[in-house]
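Q: Could you walk me through the ligand surroundings and a helix pair in this one?

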Amino acid sequence: GTEKDIDSSKITVQLTKNPKKKKEDPNEYGFGKYMSDHMLEIDYIDKKFTVPRIVPFHDFPVHPATSVIHYGITAFEGMKAYKDSEGKIRLFRPMKNMKRFLKSARRLCLPDFNPEELLKCIEKLVMIEKDWVPEKKGFAAYIRPIIMGTDQFLGLKPASKYKIFVIISPVGSYYSDGMKGIRLFAQNEYLRSWVGGTGGNKLGGNYAPTLLPTLKGFEKECKSVLFLDKEGKVTEAGAMNCMVIWENENNERELITPSLEDNTILPGITRDSILKLAKESGQFDKVTEGDITINQLVKAHNENRLFEIFGCGTAAIVSPVLGFKYEGKTYDFAKDGKLGEFTLYLYDTILSIQHGEIEHQWSHLIEE
Ligand code: PLP
Ligand code: COI
């Protein structure tokens, strides 16, 4: 950091005079509907960052030529704050989100910021909002850092002005009945990402085009899309990384997920954590980052060696999959809707680490 960079030590705080009422029953929060009382704002103007400020949650006035609304110059993050049994607030591997945020910003030609300093500002916001973090396991305060180009100019050029802001939303489960398991609509008419594209960056522009195939999936009673590439390789499940547990063609019990090599897959922090937990579990002959084709999935299903599929991500945590639909056929592998054992083990283990029930270096306690 230079003196032009984000400086968390100078942060200013203006508290709201009208705090909102919190729900007694966190089940009423759903996902992403309610916002907390304050937000963090930092602007980049004249080649330097303003003093970070925590202010009451508020609307922005938007100049109609603002670059973000024309050209989608925006990237975001998703992380959560969890309450432990002592009421302390914990984040989960937060520097990984900060570094991914920086990588996304660079892809959009937005000048670098200091990720450690941004995290300190976010921690300060979270502590001001700590009463918004529900106490119940499985609930959290979703933290949404976002960055956007704010030039008021219709030409297409890298942003010379931008805004970082962070909002917080108390949340429960992402899918309304998520732990019942979902079905995936496997298709490659619409791609989420491609080699040379930006699938490996968390850019706003990656998400809007996924809505149309998602709606097509809803028509087929699938809650999420299994995005395949043009060769039929599995990429991601909606806004989640996708993992498969099967007996592979060499008769090995394997947990496999697409590799990050060609920047088509979002490098999920849940994904990374699960790969480590799977290796440590000793339950697999192999834990692999590599190719899975839809034809291999169909074949494994037909030969009864497809055991579990799940999606994983901050919002959805671990989302069990019951089956998939592909080219008009349904491939259900979960017997009588029974959820996968390892899927459930992961859901429980990740949550227990996040809530500080299992002592783990991934759980980051915020100092009071
Ligand atoms: N894949 C996509 C496309 C996502 O948007 C997300 C969510 O951030 C993930 C995967 C999961 O990443 P993480 O585990 O870091 O939340
Ligand atoms: C996540 O944070 O896990 C996401 O996938 C973001 C989602 C709400 C679009």
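Predicted model: local features only at pLDDT ≥ 70, side-chain atom pairs only at ≥ 80, totals over all residues.

Q: Ok, which residues are around ligand 1?

A: Gly78, Glu236, Ala239, Met240, Asn241, Leu266, Gly268, Ile269, Thr270, Arg271, Gly313 and Thr314, counting a residue if its C-beta atom, placed from the backbone, lies within 6 Å of the ligand.

Q: And which elements give two or more of them?

A: Strand E13 (240-247) and helix H5 (269-281) do, with H5 supplying the largest share, three residues; helices (H or I, at least four residues) and strands (E, at least two) are DSSP runs, numbered from the N terminus.

Q: What about ligand 2, which residues are there?

A: Around ligand 2 are Gly78, Ala239, Gly313, Thr314 and Ala315.

Q: Switching topic, at what angle do H2 and H3 cross?

A: The axes of H2 (residues 94-107) and H3 (residues 115-128) cross at roughly 125° and come within 9 Å, the axes being lines fitted to C-alpha atoms over the stretch in contact, with angles from 0 to 180 degrees between N-to-C directions. H2 and H3 are therefore oblique to each other, as angles under 35 degrees count as roughly parallel, over 145 as roughly antiparallel, 65 to 115 as roughly perpendicular and the rest as oblique.

Q: Which residues make the contact?

A: Pro94, Met95, Met98, Lys99, Phe101 and Leu102 of H2 meet Pro115, Leu118 and Leu119 of H3, where contact needs C-beta atoms, placed from the backbone, within 7 Å.

Notes
Residues numbered from 1 in each chain as written. Chains lettered and ligands numbered in written order. Contact = placed C-beta atoms within 7 Å.
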